[in-house]
Amino acid sequence: MNREYHRWYSERLGRDMELLLYGHSGEPVLLLPTSRGRFYQAEDFGLMGALADRIQAGRYLVVCADSVDEESWFNTGAHPHERVARHAAWESYLLNEVVPLVRSRSTGGRLTLAGCSFGGFHTYNVGLRHPDVFRRLISMGGKFETEDFLDGYQDESVYFHSSMQWLHGLPDGAQRAALQKVEMILAVGEHDFCRPSNENLSTLLWRQDIGNQLAIWGGGTHDWPVWRQMIQQYLPA
């Protein structure tokens, strides 16, 4: 299958950013790495191999983006406000630099945002904030609370970058209506330590009249073999 390496300087992040693009046509998919993961992680751990037949057939065009987790959520040397600010800059990079590339190279259709583990956290943290951009969200083994990363610190920026907080206060209006049109999948293994977080987010979404699919995988754990099976099911041929 077609595989392309891209690198450019991001003014929003103040440094070079890298990604891999797979495919030649098809529905656009933006795939995010796990905690501290790199843009080549999905290939290294077999996710791209699991999708190879459908990518080769032109069903999907997949872009695997890089993260800045070491500079944001995991940067204990920075003030929590600065950690969230760095994450916000990365979110802007995704929306304004990566998404246009994905769309320009795909052949149309809804844009899917997906990820495993911390990539699942990013999928819902970013995707729920931008339902006009991402029309399908697929988390595999994600965990969605932010408190453990911010030393108990709270401000407005933290609030609006923590879906488990701002969803409680979601008013009726355009954003709720847009979210109700997004396909949302929360897939998690039966024995995954992130299962309660998925159950909590699913319940919270339903309380806001936002439909979602909570999929508990029997016998599943928090590991790549399970996620390879999940991505094959949720990105079907």
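The accessible surface of the protein, a predicted model, comes to about 9600 Å², as computed by the Shrake-Rupley method with a 1.4 Å probe, and 48% of this surface belongs to carbon and sulfur atoms. Of the 237 residues, 57% count as buried, where buried means under 20% relative accessible area, exposed means over 50%, and partly exposed lies in between (1.4 Å probe, protein chains only). Because the model is predicted, local features need pLDDT of at least 70 and side-chain atom pairs count only at pLDDT 80 or more, while totals for chains, interfaces and linings use all residues. Residues are numbered from 1 along each chain as its sequence is written, and side-chain values use heavy atoms, with hydrogens and water left out.

Along its principal axes, the C-alpha trace spans about 45 × 40 × 35 Å. The radius of gyration is 17 Å, which agrees with the value near 18 Å that a compact globule of 237 residues would have; this radius is taken over C-alpha atoms, and the globule rule is 2.2 Å times the number of residues to the power 0.38. Among contacts (heavy atoms within 4.5 Å) between residues at least 6 apart in sequence, 74% join residues at least 24 apart.

The protein has nine helices and eight strands, which are DSSP runs numbered from the N terminus (helices H or I, at least four residues; strands E, at least two). In helix α2, which comprises residues 47–56, the residues L47, M48, A50, L51, R54 and I55 are buried. Seen down the axis of α2, these buried residues fall within an arc of 145°, so they line one face of the helix, the arc being that of the directions from the helix axis to the C-beta atoms. An α-helix has 3.6 residues a turn, so residues three or four places apart point the same way. The cover over the buried residues of α2 includes β2 (15–22), β3, α1, β4 (60–65), β5 (112–116) and α9. After α2 comes G58, whose phi is positive, near 85°.

Helix α9, residues 224–234, likewise contains buried residues, namely W224, V226, W227, M230, I231 and Y234. They cover an arc of only 150° around the axis, which puts them on the same side of α9. The C-alpha atoms of M140 and W8, in contrast, are separated by 29 Å, with the two residues 132 apart along the chain.

Several loop residues complete the description. H130, in the loop between α4 (118–127) and β6 (136–140), is buried with a relative accessible area of 17% and touches E91 and L95, not counting residues up to four places away in sequence. Most residues other than glycine have a negative phi. R36, however, has a positive phi near 65°; R36 lies in the loop between β3 (27–32) and α1 (41–44) and is partly exposed at 43% relative accessibility. D151 has a positive phi of about 55° although it is not a glycine, and D151 is found in the loop between β6 and α5 (156–160), where it is exposed with a relative accessible area of 59%.
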